[in-house]
Amino acid sequence: GGSSPPPNSDLRDLAGNPDVAESARLAISVADAVQKSPSRGARIVGMAAAFLLVCENAGLPVSDLMGMARNCMNMAQGVRPEFSAVSEYVQNEVL
């Protein structure tokens, strides 16, 4: 059998303090994979569905994980440079 997922509290702790540079690198990797689809609607819904599945399977409320992602992406002065590049890529290649 496979290993069971970590308890929700462990996942919450991990998601609450991620490596920012690695998180940005993974976000651009996801966007890059999705942009290969010719269907714009499927690209948008596919990304949203993946996020919802992570929330559901991790047992984390959507709003909690969304807040953790926003905290990772932002700093006091606005969006972190690593995520500015991801945002531009999503705008130009996914949407």
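1. Helices here are DSSP runs of H or I, at least four residues long, numbered from the N terminus. That numbering places Arg25 and Glu22 together in helix α2. They sit three residues apart, about one turn of the helix. Note that the model is predicted.

2. Arg25 and Glu22 form a salt bridge. Their closest N and O atoms are 2.9 Å apart. Arg25 is partly exposed, with a relative accessible area of 43%. Glu22 is also partly exposed, at 34%.

3. Asp32 counts as partly exposed, at 29% relative accessibility. Lys36 counts as exposed, because its 57% is over the 50% cut-off. The count for the model comes to two salt bridges.

4. Arg43 deserves a separate point. This residue lies in helix α3, which covers residues 40-58. Arg43 is buried and has no salt bridge. The nearest side chain of opposite charge is that of Glu93, 8.1 Å away.

5. What does Arg43 touch, leaving aside its neighbours within four places in sequence? The contacts are Val34, Gln35, Ser37, Pro38, Glu93, Val94 and Leu95. Contact means heavy atoms within 4.5 Å, whereas the salt-bridge rule looks at a side-chain nitrogen and a carboxyl oxygen.

6. Now the largest pocket. About 1,100 Å³ of space lies in it. The elements that give two or more residues to its lining are α1 (8-16), α2 (20-34), α3, α4 (62-73) and α5 (81-94). Helix α4 provides the largest share, seven residues.

7. How many residues line the largest pocket, and which lie nearest its centre? There are 28 lining residues. Ala27, Phe51, Ala69, Met73 and Phe83 lie nearest the centre.

8. By class, the lining of the largest pocket has 25 nonpolar residues. Two polar residues and one charged residue make up the remainder of the lining.

Note on methods. Residues numbered from 1 in each chain as written. Predicted model: local features only at pLDDT ≥ 70, side-chain atom pairs only at ≥ 80, totals over all residues. Heavy atoms only, no water. Buried < 20%, exposed > 50% of the residue type's maximum accessible area, 1.4 Å probe, protein only. Lys, Arg positive; Asp, Glu negative; His and termini not counted. Salt bridge = Lys/Arg side-chain N within 4 Å of Asp/Glu carboxyl O. 1 Å grid on protein atoms, 1.4 Å probe; cavity = no way out; pocket = protein on both sides within 12 Å on 5 of 7 lines; lining within 4 Å. Points joined across faces, edges and corners; volume = space filled by probe spheres on them. Nonpolar A, V, L, I, M, F, W, Y, C, P; charged D, E, K, R; others polar.
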